[in-house]
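Please load the model in your viewer and display the backbone as a cartoon.

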Amino acid sequence: MAATARTLTEVQTPFMTDQPPATTLRSIQGEQETTRQLDLFMPQEDVDLYVDSVDDQILLCRERGRHSFPSAKETGLRFNGGVDEETGLLVRRVMCTCCRLAERVEYWDVKHRGTRVTRCEYVGASVVYHTEHTKDGGLRRYTNKPGHGRMKPKQVKTAVATGMLAGTVSYRDLLKAAKQANDERLGAR
Ligand SMILES: [Zn+2]
């Protein structure tokens, strides 16, 4: 897929739901590839390289292991994705306020009696990832290149912390500072 627009759809996660989705929703799972790739974890060296290549907002979501999607309470329940043709479910699309590259596509079953809405049931959601062209000609992306496996938040934390310490501080100074900080903490009680 060529990067023509400011953002473009890149990867879609498997459909996630608390309850079994209607059979027609199964197609939302998309590429069969996804399931296979999720089973493989990325080597730490690859995670180190990835961490060096992305910005802080992306790292925050990676370290947390999840995105920050505003709830319906925060944004109001706007079905800005219209109506899903296949299922008739109403669609709410919402961007992660942190990395701004992940978009959650939620499916809602709005029950009604005549014109009166009686209940609004959350059915489930999938996440769509976008890329973004930056002003300096770079490309922001949340996902790593395909075929490298999945990275764990633990690996991201390790890569970030290693980048902060490795080669910049002596171990002896680190221990001294740790002991001092702990003493201060206890003294401040
Ligand atoms: Zn995010």
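Predicted model: local features only at pLDDT ≥ 70, side-chain atom pairs only at ≥ 80, totals over all residues.

A residue counts as buried if 20 or more other C-beta atoms lie within 10 Å of its own C-beta atom, which is placed from the backbone.

**First selection: His130.** This residue belongs to strand 4, which spans residues 116–133. Is His130 buried or exposed? With 22 other C-beta atoms within 10 Å, His130 is buried, because the cut-off is 20 or more.

**Second selection: the whole protein chain.** Six helices and five strands are present, and from the N terminus they are arranged as β-α-α-α-α-β-β-β-β-α-α. Of the 189 residues in the protein chain, 14% are buried. Among contacts between residues at least 6 apart in sequence, 61% join residues at least 24 apart.

Two packed helices are described by the angle between their axes and the distance between the axes. Select residues 56–64 for helix 3 and residues 153–165 for helix 5; their axes come within 7 Å and cross at roughly 130°. Helix 3 is therefore oblique to helix 5. Show the side chains that form the contact: Leu59, Arg62, Glu63 and Arg64 from helix 3, and Pro153, Val156, Lys157 and Val160 from helix 5. Coloured by residue class, the contact of helix 3 with helix 5 shows four nonpolar residues, four charged residues and no polar ones.

Key: Residues numbered from 1 in each chain as written. Helix = DSSP H or I, 4+ residues; strand = E, 2+ residues; numbered from the N terminus. Buried ≥ 20, exposed ≤ 12 C-beta atoms within 10 Å, placed from the backbone. Contact = placed C-beta atoms within 7 Å. Axes fitted to C-alpha atoms, helices over the stretch in contact; angles between N-to-C directions. Parallel < 35°, antiparallel > 145°, perpendicular 65-115°, else oblique. Nonpolar A, V, L, I, M, F, W, Y, C, P; charged D, E, K, R; others polar.
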